[in-house]
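Let's walk through this structure together, starting with its strands and moving on to its ligands and a few local details. Keep the view open beside you as you read.

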Amino acid sequence: MRRAAAFLVLLLCLYWTRAQGESGGVTGNDITQTEVQSEILGVKATSDQTNITPDIWAELKELRDMAIKHSVELWKLEQENTVLETRMNASENEVEELKRQNADRPKVAFSLGLTDDGRIGPFNTDITLKFSKVFTNFGQAYSPTTGLFTAPVRGVYYFSFTMVDTRYNVWSYVYLYHNNKRVSWNENYNVEYGRNIFSNSLVLQLEKGDVVYMVLPASSSVFDDTYNRTTFNGFLLFPL
Ligand SMILES: *[C@@H]1O[C@H](CO)[C@@H](O)[C@H](O)[C@H]1NC(C)=O
Ligand SMILES: *[C@@H]1O[C@H](CO)[C@@H](O)[C@H](O)[C@H]1NC(C)=O
């Protein structure tokens, strides 16, 4: 750029000198246009200077036009570069924002087994099942002590369970509760000796602090042992 600018200044000087010469402003022993050119180009003035002059001027003009054209192209490239840089900066900012959001996003997931101790129930009243075997409990949102899952954030959550009962010729039941409201009633009748297995799953919208838990109704029983047959699982699908 600096070179181009210096070159343009030189060209302007030449024009000025020529203009002076043409208008008769510079006469007599002043430097002639040809002399200037000769000096710049290192050409020794000859007797037929007049023949060389137009060619050199045409060439200088061409060079000037080229310099201008290149300057314009350079300017355009710089503009394009700025646009690209702006876009790149925006993308980088977006990535940073997403990274931050992801890091801030609560990690909530649990998978539990009921017990190693065999059959639980039947009881005279409904009881909250306390799943004592914790396979995973990201976010510690499930409490094995109370049997409650407590939503750490407002969001959409997925829950599933599988229940096993070993009694037969009886109905087996299990409920899933959201706060004090039952949202799922599950039952199965075991006609003969063997495992009575049933399962279900739900997607629930929870407010922060809402609880979800499994209830064993009065007169029903559930079975689990070291085989991990009766499980309760859940995770945060996405916060709201
Ligand atoms: C892009 O980001 C860099 C570093 O933060 C900054 O120096 C530059 O000015 C930004 N460019 C544009 C075009 O916003
Ligand atoms: C039940 O879960 C425990 C704890 O993860 C595991 O060690 C055990 O092998 C599981 N039982 C069976 C029969 O898979």
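Start at strand S1, residues 109-113, which runs antiparallel to S4 and is joined to it by 5 bridges. Strands here are DSSP runs of E with at least two residues, and helices are runs of H or I with at least four, all numbered from the N terminus; two strands pair if DSSP finds at least two bridges between them. Within this pairing, Ala109 stands opposite Phe138 of S4.

Before going further, a word on the ground rules: this is a predicted model, in which local features need pLDDT of at least 70 and side-chain atom pairs count only at pLDDT 80 or more, while totals for chains, interfaces and linings use all residues. Residues are numbered from 1 along each chain as its sequence is written, chains are lettered from A and ligands numbered from 1 in the order in which they are written, and side-chain values use heavy atoms, with hydrogens and water left out.

Now look at the other partner of S1. Strand S13, residues 231-239, runs antiparallel to S1 and is also held to S1 by 5 bridges, with Phe110 finding its bridge partner in Gly234.

Next, the ligands. Around ligand 2 you will find Phe135, Thr226, Tyr227 and Asn228, where a residue counts as near if one of its heavy atoms lies within 4 Å. One nitrogen atom of ligand 2 is 2.8 Å from a polar backbone atom of Thr226, and an oxygen atom of ligand 2 lies 2.4 Å from a polar side-chain atom of Asn228. On its own, ligand 2 has 360 Å² of accessible area, of which the protein covers 34% (Shrake-Rupley method, 1.4 Å probe; for residues, only the protein chains shown count as cover).

Ligand 1 has Thr82, Glu85, Thr86 and Asn89 around it. Here a nitrogen atom of the ligand is 2.8 Å from an N or O atom in the side chain of Glu85, while a polar side-chain atom of Asn89 lies 2.4 Å from an oxygen atom of ligand 1. The protein buries 35% of the 360 Å² that ligand 1 exposes when taken alone.

Aromatic residues deserve a look too, as the structure holds 17 aromatic pairs. Rings of Phe, Tyr and Trp (its six-membered ring) pair if their centres lie within 6.5 Å; planes under 30 degrees apart count as stacked, over 60 as edge-to-face and the rest as tilted. The rings of Tyr173 and Trp185 have centres 5.7 Å apart and planes at 80°, so this pair is edge-to-face. Tyr173 sits in strand S8 (residues 170-178) and Trp185 in strand S9 (residues 181-190), 12 residues apart.

Finally, two backbone details. Most residues other than glycine have a negative phi, and most peptide bonds are trans. Gly121 and Pro122, however, are joined by a cis peptide bond with omega of about 0°, and Pro122 is found in the loop between strand S2 (118-120) and strand S3 (127-128). Gln140 is not a glycine, yet has a positive phi of about 50°; look for Gln140 in the loop between S4 and strand S5 (142-143).

Key
Polar contact = N/O pair within 3.5 Å; in protein donor to acceptor, adjacent residues only side chain to side chain.
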